[in-house]
Amino acid sequence: MGLGALGSAAAWQLASRGHSVVGLERFELGHSRGASHDTSRILRHSYHTPAYVRLTCEAYDDWARLESESGESLVTVVGGLDLFPPDCAISPVDYVDSLREVGIAFDELDVAGIRGRWPQFHPPPGTLGLYQERGAIVPAARGTAAMQRLAASAGASLLASTPVTRVTDHDSYVVVEVDDTDYTCRGVVVAADAWTNQVLAGLGAEIPLTVTLEQPTYFAPPDPTAYQDLPVWIWMDEPSYYGFPCYGEPTLKAAQDCGGPVVDPDDRTSEPDPEMLDRLASFVGSLLPGAGPVVRSLRCQYTLTPDRDFVLAPVPEHPAVVVGLGSAHGFKFAPTFGRILADLVTTGKTSSDVSAYGFDRPGLTDPAYEANWMV
Ligand SMILES: Cc1cc2nc3c(=O)[nH]c(=O)nc-3n(C[C@H](O)[C@H](O)[C@H](O)COP(=O)(O)OP(=O)(O)OC[C@H]3O[C@@H](n4cnc5c(N)ncnc54)[C@H](O)[C@@H]3O)c2cc1C
């Protein structure tokens with residue numbers, strides 16, 4: 001249940017394997033109150049552990065499968081540049097070692113090397129650039145809609161404006177309650193992101209989650225042609241920022257990572273925050289001085305576990321109820337997570353390595369665990 005990117009991917013995978021699937025979504029399909037709307041998301045190999053880098057290899061393969069089955073071009077390879085300023089909060093060593101261990105080629109660039117390739121960037125002296133040529137953009141709303149279309153054409157019923165009020169486990173079957181109907185099923189995938197704990201309450205389960213309200217923002221460079229060949233980029237410090245080249249429109253998108261306030265997803269604004277806007281515009285003005293004026297901002301929710309790792313596992317003592325949660329970096333893995341969640345809910349196992357994403361890890365069980373979202 002939940003038909004953002006993850007639930008749509010699971011519905012697609014389950015229906016295409018011949019299962020009888022009902023997808024339940026509390027709002028309209030494609031709504032903008034969750035995390036899977038808007039234009040673009042980053043797909044990349046570069047990550048801080050070899051396990052993550054290996055999973056990104058699966059992500060590229062699964063996006064290719066989605067492209068092939070949908071007949072849509074979804075992955076736009078533009079290259080990816082991770083920027084590590086001197087004494088940054090995020091260690092470049094972890095990234096370099098992880099990419100090396102998995103055998104993913106990359107270039108290490110100093111400031112002259114970065115500016116030689118992309119004079120649009122003005123990083124401070126001593127910044128290290130890690131460039132990986134497969135860094136890419138995937139479309140958020142369009143990719144999610146493509147998975148919904150495939151799910152529906154494989155026989156899934158996708159029901160919008162259908163909020164689940166409770167899930168209860170009866171050992172040999174699970175009951176999913178909505179206002180006027182109870183659905184009895186063999187298994188449930190909970191992909192409710194910011195609302196996960198509401199849905200799990202009927203099972204007595206809870207995940208320590210923090211929801212923040214983020215603010216992607218679009219800038220209009222006076223000469224957009226000069227910004228078409230930029231890579232996607234991530235500023236690996238605290239605060240951390242990221243951005244995109246022109247993608248489908250003559251604008252540059254950028255945002256702070258984990259820069260927004262903690263919110264209740266049922267009681268939050270959709271209006272832009274001027275203070276966040278100023279902070280971002282000032283950073284973008286220094287890194288990409290030609291980015292131009294702000295043209296629009298929107299809001300989008302991050303749902304974060306304390307260790308920023310995913311949840312891809314059955315609820316303890318309820319093997320028929322499987323949770324998928326992307327911890328605010330899960331879009332790139334959506335087609336992969338759909339496959340994994342479909343495996344887990346139907347067979348209890350999967351060929352992908354999800355050992356780090358269970359309910360039993362310190363990040364979810366230890367109340368004294370100190371949250372670290374800068375990874
Ligand atoms: C600004 C921003 C930038 C990001 N950038 C990247 C990036 O570059 N790369 C990347 O990989 N990831 C990125 N992410 C993270 C990624 O987008 C999310 O991890 C992913 O989209 C989450 O998908 P989801 O389906 O789990 O959540 P959602 O899209 O929020 O979907 C959950 C759905 O569950 C529904 N729901 C909730 N409760 C119920 C209920 N009771 N009954 C029925 N339905 C219910 C909700 O209405 C919602 O539609 C970004 C996220 C944001 C916000």
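**Domains and ligand**

Modeller: The domain assignment, automatic or from a database, gives the protein domain 1 (5–36 + 141–209 + 311–365) and domain 2 (82–133 + 213–304). This is a predicted model, where local features need pLDDT of at least 70 and side-chain atom pairs count only at pLDDT 80 or more, while totals for chains, interfaces and linings use all residues. Residues are numbered from 1 along each chain as its sequence is written, and side-chain values use heavy atoms, with hydrogens and water left out.

Biologist: What area is buried between domain 1 and domain 2?

Modeller: The centres of the two domains, taken over C-alpha atoms, are 30 Å apart. Their contact (heavy atoms within 4.5 Å) takes 15 residues from domain 1 and 10 residues from domain 2. Buried area is the accessible area (1.4 Å probe) that two parts lose on being put together, summed over both. Carbon and sulfur atoms give 45% of the area between these domains, which is about 950 Å².

Biologist: Which strand gives the most to the shell around the ligand?

Modeller: Helices (H or I, at least four residues) and strands (E, at least two) are DSSP runs, numbered from the N terminus. Helix 1 (5–16), strand 2 (40–43) and strand 19 (300–304) each supply at least two residues of the shell. With 3 residues, the one that gives the most is strand 19.

Biologist: How many residues surround the ligand?

Modeller: The shell divides into 19 nonpolar, 9 polar and 5 charged residues. Here Ala, Val, Leu, Ile, Met, Phe, Trp, Tyr, Cys and Pro count as nonpolar, Asp, Glu, Lys and Arg as charged, and the others, Gly among them, as polar. The closest are Glu25, His31, Ser36, Ile42 and Cys300, and the number surrounding the ligand is 33.

Biologist: Which residue has a positive phi although it is not a glycine?

Modeller: Most residues other than glycine have a negative phi. The residue asked for lies in the loop between strand 20 (311–315) and strand 21 (318–325). Its phi is about 70°, and it is Glu317.

Terms used: Near = heavy atom within 4 Å.
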